[in-house]
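This report describes the arrangement of secondary-structure elements in a single protein model. Please consult the sequence and structure shown here alongside the text.

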Amino acid sequence: MKKTLSEMTLGELWELFPVILLGHNSQYKIWYETEKKSILKNINADDVVRINHIGSSAVKGLIAKPTVDILLEVDGGCDVLRLVDDLIAVGWGLMKKENQPMKISLSKGYTPDGYADRVFHLHIRYFGDWSELYFRDYLIEHTDIADEYGKLKLQLFNDFKHNRDGYTEAKTDFVLKYSEIAKCEFKNKYRPRFVICENT
């Protein structure tokens, strides 16, 4: 009898879901827009402050894992547990949950037979100044850096094909470096700006 995903060891999961790198697919944008509509339809949309397509699949021309990453930012009054339950009810699976700061990751498109035709990662955070937005914008604006990032991925691919965590960790220094450069260049454009009203 075939194991369910929850019954598999980490090694078995990495074997079933290896790192795959493909040329940019123009359909990624459409996948994102379709999934965005589905997410907003199935949760309390009033809790949503911002939703974005992030990651390499959001950068035209960049080699990427065929996975669409979505950053869903919610306000501080959001019932996060209910939000996650609502998403699980429509096919999302919980991957990771951190409390300080709140970071929740869900996935869709992983099956006991391998990848589905469309694969998504959903990252839920409180509204904030998230590096992923800056890094995406920087790669879009600077195609030479995007090319360099693509070459780095290809260099790492052979060593980490069956070690997704190792693959991600090996890219960290590059991502952090250009995320910080981007925050300066784009003048912290994603930093929340709260207006304080005083009684007169």
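## Sheet and helix packing

Helix α4 lies across β1, β2 and β5, running at about 40° to β1; contact here means heavy atoms within 4.5 Å, and axes are lines fitted to C-alpha atoms, for helices over the stretch in contact, with angles from 0 to 180 degrees between N-to-C directions. Helices (H or I, at least four residues) and strands (E, at least two) are DSSP runs numbered from the N terminus. The model is predicted, local features need pLDDT of at least 70, side-chain atom pairs count only at pLDDT 80 or more, and totals for chains, interfaces and linings use all residues. Residues are numbered from 1 along each chain as its sequence is written, and side-chain values use heavy atoms, with hydrogens and water left out.

The mean pLDDT (the predictor's confidence in each residue, from 0 to 100) is 94, and 96% of the residues reach 70 or more. Over residues 195–200, by contrast, pLDDT stays under 50, and the model has zero contacts beyond four places in sequence for this stretch.

The sheet is open and consists of five strands in the order β1-β2-β5-β4-β3, with mixed pairing; two strands pair if DSSP finds at least two bridges between them. The edges are taken by β1 (48–54) and β3 (93–98), each with a single partner strand, so one side of each has no neighbour in the sheet. On average, neighbouring strands are turned by 20° against each other, direction ignored. Strands β2 (residues 67–74) and β5 (residues 114–126) pair in the parallel sense over eight bridges. Val74 has Tyr126 in β5 as its bridge partner.

| Helix pair | Axes come within | Crossing angle |
|---|---|---|
| α4 (residues 131–141) and α5 (residues 143–160) | 5 Å | roughly 110° |
| α5 and α7 (residues 172–185) | 11 Å | roughly 165° |

Helices α4 and α5 are therefore roughly perpendicular to each other, a term for angles of 65 to 115 degrees, while angles over 145 count as roughly antiparallel. In this contact, Phe135, Tyr138, Leu139, Ile140 and Glu141 of α4 meet Thr143, Ile145, Ala146 and Tyr149 of α5. By class, the contact of α4 with α5 has seven nonpolar, one polar and one charged residues. Ala, Val, Leu, Ile, Met, Phe, Trp, Tyr, Cys and Pro count as nonpolar, Asp, Glu, Lys and Arg as charged, and the others, Gly among them, as polar.

Helices α5 and α7 are therefore roughly antiparallel to each other. Ile145, Glu148, Tyr149 and Leu152 of α5 meet Phe174, Val175 and Tyr178 of α7. The residues of this contact of α5 with α7 divide into six nonpolar, no polar and one charged.

Methods
Parallel < 35°, antiparallel > 145°, perpendicular 65-115°, else oblique.
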